[in-house]
Amino acid sequence: MKTEAIKVQNLDKHFDDIHAVDDVSFTIHTGEIFSLLGPNGAGKTTTIGMISGLLTPDAGEVWLMGNSVLKSPKLAKAALGVVPQEIALYEDISARANLNFWGKMYGLRGEELITRVDEVLALVGLEDRANGAVSKFSGGMQRRLNVGIALLHEPQVIIMDEPTVGIDPQSRRKILDSVKQLRDQGVTILYTTHYMEEAQELSDRIAIMDNGKIIALGSHQELIEIVGELDRICLTINEKPLNVIRAWESLEGVEKVTAEDGRINLFVKDSNRVLPDIFETAAKENVRITGVDIQEPNLEAVFLHLTGRALRD
Amino acid sequence: MKIIAIAIKDLWRAFRSFFALAFMFGVPILMTAMFAFLFGGIGGNEPEFTIPRTDVVIVNQDEGSLLVPNFEVEGKNSFSTMGEMLVDTLQQETFEDLMTLTTANEADARLAVDNQQAGMALIIPAEFTNALIGQSNQPAEIEFYQDPELSLGPQIIQSIVMSVVDGFSSGILTLDTVTTVLEDQGVILNQVENMTLLSNLTAGSDSQQDAGDTNLNIITPTINTAGSEQANPLQTILRSIMAGMMIFYAFFTGTSAAQTILQEQENGTLARLFMTPTPTTTILNGKFLAGFLMIIVQVIVLLGFANLVFGIYWGPLISLLMASIGLVALATSFGIFVMSLVKSTKQAGIIFGAVLTFTGMLGISSVFVMGTPIEKAFNYIPLLVPQGWAMNAFEASWNDNGVQTLLHTGGMLVLAILFFAIGNARFKKRFN
C-alpha cells in the first residue's frame, strides 16, 4: 500500500506585497516522481523551500514521511535529500572533502561515511576526480556532485530543484537516468523544472504552477485531456490579426484562437484538414502568413491553454 | 559532533587561503621584522643587534660666559661656555658608537635634517650658559630638531643630552651650596677655585660612568636579547609593534571568520546546511567556533614567534593567558557583531576597509605615540574601541601589572559578551 511521502496542506507565503505561494496543497506517494512544472517566478522554489524547512510558511503545514516539518524538523529533514537549484558546494576543497562534510551534516560517521562517500562518487561518475578541487570541475561535474550530496544518507524523499539547468546534454542525461534509477529503488522524488520534456519523461504526476497557485495536477495523459487533445497551429503573420482571428474562429474544426506577441495560436481537432481553410481565409483578409508551426498536444499546450501564455515566458 | 565538523571545515578552508594566512601571520611578522632589521642586526647569526649611529649636527650659539673665560681644567679642554662643555662631553669616546657629530650654523643644520643628511640637529641657544648659572630669567633650553621618520636614535641622543645637562644643573646647585657653607665658615673662593670646583662637580658623572655606575643613563650600544626579560628600547618597540599588529589583525581574522556566514549565504551552502537535520544554532555556533579557534592559533603563533625570534617578554604566563583569552573572545565576538549588521559581502568589504581599520588604528595608537608628549593621553583614548582594551591588557601584562591585566581582561570579556549577544541574536533572527 502506498503511503504519503510528502503531504502539503494549504501552504501560503508572502514576500512583502508578493503572494509567492497561494494556498497550495498536494500529496506525493512513496516511490512516485512528482514534477512541479511552471515558468520562472511561478512559486516552485518557494514551495520547495517550505517543504525542506528552509522557509517558514505564513500558513499551512508540510509533512515528510509523516513528520511535521514545523514541529519535528530534525526527523522530517533526516528523511529528506535536497538538490538545490544553484550549485551549493565548497569549491576550494575536493569532491571527497565536500561529501565527507555533508555526510557528517546528515549524521553519517566512521565506516558508514567512508563507504557512502565512495558509493556516491561512483554513482555520479567522479571517482577519478574525487581528490580534485571542485573549482576545477566543469559545470556538469559540479551539477553531478551537487546531486550526489543529496543522495549520501540514502534519503526516502529527494527534492530536486531544476537540477539540469545550464549543463551539457551528457550530464543532463546522466542526471535524468539517476532520477529514474532512484525511483526504481523506491525513493520518492519531487522534481521541479521548467523543461516540459523532462517533466513528461520522468513524472508519474505533474502539478503545473503559475503565480503561486497549482492550476492543474494529474498524470501526463490527464493533463493533455484538459486541452482535449487538440493540435496547436502557431502562425506568424504580417498584419494586425483582429479581422482574421474572427474569421478563423468561425472555421469548422477550430476550437480556440489566441494571439500573443505577434503570433496566433489556433487549437484544432485535425491540423491536416483545417490548414488549407486557414490559408484561404488569410488570403481573403489580405493577411500574409510568414510562419507556420504545428504541435501535437503536450504540456506546453496545456499551460498555454490554461494561462494564455507560453511556459517559457 | 556537527559543531566541530563545521568549525574544522571552516578552519581547513581558511588555512588553505593565501590571503587569510598572509593577514593572520605574514603581515604582523613582516611588520615587526622590518622594524627589527631597521634598528638591529638580527639578520646575522648572532642573537645581538646594534643600535644605529645617528648623524647629529651641533649648532652651538651659546654666548653666555663662565666666570673664567677659557677656563682649563687639568687634562681637559678649555671652555668659555656651558655649550662648549656639552659639546665636549658628547665628543667623548663613549658615545662614538651612538652618534657622529658635526657642527654647522642653524640654517644649514635644519636643512641637513630636512634633506635627511642628518638624523638630528642639536641647537644650543645663545642664552644657554646664562640660563643655567642663573644669570638670565630665561629657562635653559636646547632644541632637538629631528627627522620624524627616526625615533630610536634621536630618542637616545635626547636622553643623553638631558642627562648631561642635568649633571651641569646639579653641579651648579652643589657649587652654590658649597660656597655658601664655606663663606659661613669664613672661606671665600676666588673665581678660578669656583670654576675648578664646578668642573669637578659636573665631571663627577663622567667618573661615575667609568666606575660603571652611571647617572647619564647611557644605553649600551650592544644588547643581548636572548632570554632576557629586561626591557630595552628596541625590544620595547618591537613588543609594542608585534602586540599592535597581532591585535589589529586578530580583529580582521574574527571579522573575516564571521564573514563566511555571508559568503555561504551567497554561495547557497548556508541554505543547504539549513536543509540538513542540523539546528540553526549548531550551524551558527560551529561558524563562531571556527573564528574563535582561528584567532587562538593566530595569537599562539604570533606570541610564540615573537618570543623565540625577537626574545620578546610578554609578562607572567597567567597575565599573558588572561590578555590572550580576552583578545580571542573579543575579536571573535566583535566580528560576529559587525557582520550581523551587514547583509552582503559587498557591504562587509566596507566594514573591512573603514570600520576595522579606523577602530584598529585607534586601538593600537599607543604604539605610534610612544615617547611623544601626547603618550599619556593615549592611555585612555584607545579604550573607546575594543582593540584599545586588548592593547592595554597586553601592556599591563608585560609591565607585570596583574591587577591592570585582570581589569582590562574583565572589560574585554564584558564587551565580548555584549557583542556576541547582539550579533548572535541578529543572526538567529535573520535565519530563523
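In which hand, left or right, does H12(B) pass H14(B)?

1. The crossing of H12(B) and H14(B) is right-handed. Bear in mind here and below that the model is predicted. Helix H12 of chain B covers residues 345-363 and helix H14 of chain B covers residues 386-398. Their axes come within 7 Å and cross at roughly 30°. Angles under 35 degrees count as roughly parallel, so H12(B) is roughly parallel to H14(B).

2. On the H12(B) side, the residues that make this contact are B:Thr359, B:Gly360, B:Leu362 and B:Gly363. H14(B) supplies B:Pro386, B:Gln387, B:Gly388, B:Ala390 and B:Met391. By class, the contact of H12(B) with H14(B) has four nonpolar and five polar residues, and no charged ones.

3. Leaving aside neighbours within four places in sequence, B:Ile247 is in contact with B:Gly363, B:Gln387, B:Ala390 and B:Met391, among others.

4. Chain B in general: the secondary structure comes to 15 helices and eight strands. Of the 432 residues in chain B, 41% are buried. Among contacts in chain B between residues at least 6 apart in sequence, 75% join residues at least 24 apart.

5. The axes of H1(B) and helix H10 of chain B (residues 280-310) come within 8 Å and cross at roughly 45°. That angle makes H1(B) oblique to H10(B). The crossing of H1(B) and H10(B) is right-handed.

6. From H1(B), the residues in this contact are B:Lys2, B:Ile3, B:Ile6, B:Ala7, B:Asp10, B:Leu11 and B:Ala14. From H10(B), they include B:Thr282, B:Ile283, B:Leu289, B:Ala290, B:Leu293 and B:Met294. The residues of the contact of H1(B) with H10(B) divide into 10 nonpolar, three polar and three charged.

7. Between the chains, 17 residues of chain B are in contact with 18 residues of chain A. On the chain B side, the elements that give two or more residues are helix H1 (2-15) and helix H9 (269-274). The residues on that side of chain B comprise seven nonpolar, five polar and five charged.

8. One residue of chain A is worth checking: is A:Ile206 buried or exposed? A residue counts as buried if 20 or more other C-beta atoms lie within 10 Å of its own. A:Ile206 has 25 C-beta neighbours inside 10 Å and is therefore buried. A:Ile206 is found in strand E9 of chain A (residues 205-210).

9. Which residues does A:Ile206 contact, leaving aside its neighbours within four places in sequence? They are A:Ser35, A:Leu37, A:Ala199, A:His220, A:Leu223 and A:Leu299. A:Met196 lies 10 residues from A:Ile206 in sequence, with a C-alpha to C-alpha distance of 9.9 Å.

Note on methods
Residues numbered from 1 in each chain as written. Chains lettered and ligands numbered in written order. Predicted model: local features only at pLDDT ≥ 70, side-chain atom pairs only at ≥ 80, totals over all residues. Contact = placed C-beta atoms within 7 Å. Helix = DSSP H or I, 4+ residues; strand = E, 2+ residues; numbered from the N terminus. Nonpolar A, V, L, I, M, F, W, Y, C, P; charged D, E, K, R; others polar. Buried ≥ 20, exposed ≤ 12 C-beta atoms within 10 Å, placed from the backbone. Axes fitted to C-alpha atoms, helices over the stretch in contact; angles between N-to-C directions. Parallel < 35°, antiparallel > 145°, perpendicular 65-115°, else oblique. Left-handed = near helix turned anticlockwise from the far one by under 90°.
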